[in-house]
Amino acid sequence: KENLYAEVIQHAVMASRGTSLDDYIPETELESDADLVEESVHRIVEELFKRKFSGNRPPWSDKVMMRALFEPPLSFEDIVRKSLQPDHDALKRLALRAKPFLTERQAHLWVLSVFGQVMIYTFAKEAILTILETRDYDPEYLKDAVSNVTRVSVAGLFSLKSEGG
């Protein structure tokens with residue numbers, strides 16, 4: 001039973017995989033190019049939204065993932081390492097390249113804030129749709145949400161100071 005649950009979780013996670021987030025991070029210098037950082041974050045957030053709302057995922061996958069976060073199976077660490085950590089690490093590399101003085105922890109916390117902003121549109125979808133008095137997100141709303149998450153994330157990243165300063 002435990003193995004079946006882990007396989008269902010793995011399937012749900014892999015169904016939402018898309019392009020590697022590393023593909024959206026240019027090889028050029030990022031530290032002195034705020035526009036390039038913003039463009040990269042925008043493309044990454046857009047990819048994360050596409051994964052969540054493109055219609056390619058099974059409708060039950062978000063519920064399974066939410067349950068797994070609250071009741072992790074024994075193999076959850078392996079699932080996280082294979083499926084979720086690559087995205088975390090890519091965004092963390094972007095943060096550290098844009099702001100080299102950041103500590104690993106500061107970069108990690110910024111990554112979690114980006115993911116948290118994206119996830120609220122998934123895990124609170126029914127509440128958000130009730131507030132909006134609609135049955136589903138329309139493409140314009142999702143476009144605005146991507147822009148908002150990008151703007152807030154980039155502002156947050158550029159507001160970070162070195163831990164000593």
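1. Aspartate 22 is partly exposed, at a relative accessible area of 31%; here buried means under 20% relative accessible area, exposed over 50%, and partly exposed in between (1.4 Å probe, protein chains only). The model is predicted, so local features need pLDDT of at least 70 and side-chain atom pairs count only at pLDDT 80 or more, while totals for chains, interfaces and linings use all residues. Residues are numbered from 1 along each chain as its sequence is written, and side-chain values use heavy atoms, with hydrogens and water left out.

2. The side chain of aspartate 22 forms a salt bridge with that of arginine 93, at 2.7 Å from N to O. A salt bridge is a side-chain nitrogen of Lys or Arg within 4 Å of a carboxyl oxygen of Asp or Glu. Arginine 93 belongs to helix 4 (residues 76–98) and aspartate 22 to the loop between helix 1 (2–15) and helix 2, so the pair ties together parts 71 residues apart in sequence. Helices (H or I, at least four residues) are DSSP runs, numbered from the N terminus. Arginine 93 is partly exposed, with a relative accessible area of 40%.

3. How many salt bridges does the structure hold? The count is seven. Side chains of opposite charge can pair when their charged atoms come close.

4. Another salt bridge joins the side chains of glutamate 104 and lysine 92, at 2.6 Å from N to O. This pair links distant parts of the chain, with glutamate 104 in helix 5 (residues 104–123) and lysine 92 in helix 4, 12 residues apart. Glutamate 104 is partly exposed at 46% relative accessibility, whereas lysine 92 is buried at 17%.

5. Aspartate 136 and lysine 125 also meet through their side chains in a salt bridge of 3.0 Å, N to O. Aspartate 136 is in the loop between helix 6 and helix 7 and lysine 125 is in helix 6, so the pair ties together parts 11 residues apart in sequence. Salt bridges that share partners also join Glu47, Lys50, Arg51 and Asp87 into one network.

6. Is glutamate 47 buried or exposed? Glutamate 47 is buried, with a relative accessible area of 2%, and is found in helix 2 (residues 34–53). A polar contact of 3.0 Å joins its side chain to that of tyrosine 24; such a contact is a pair of N or O atoms within 3.5 Å, where within protein one must be able to donate a hydrogen and the other to accept it, and residues adjacent in sequence count only if both atoms are side-chain atoms.

How values were computed: Helices (H or I, at least four residues) and strands (E, at least two) are DSSP runs, numbered from the N terminus.
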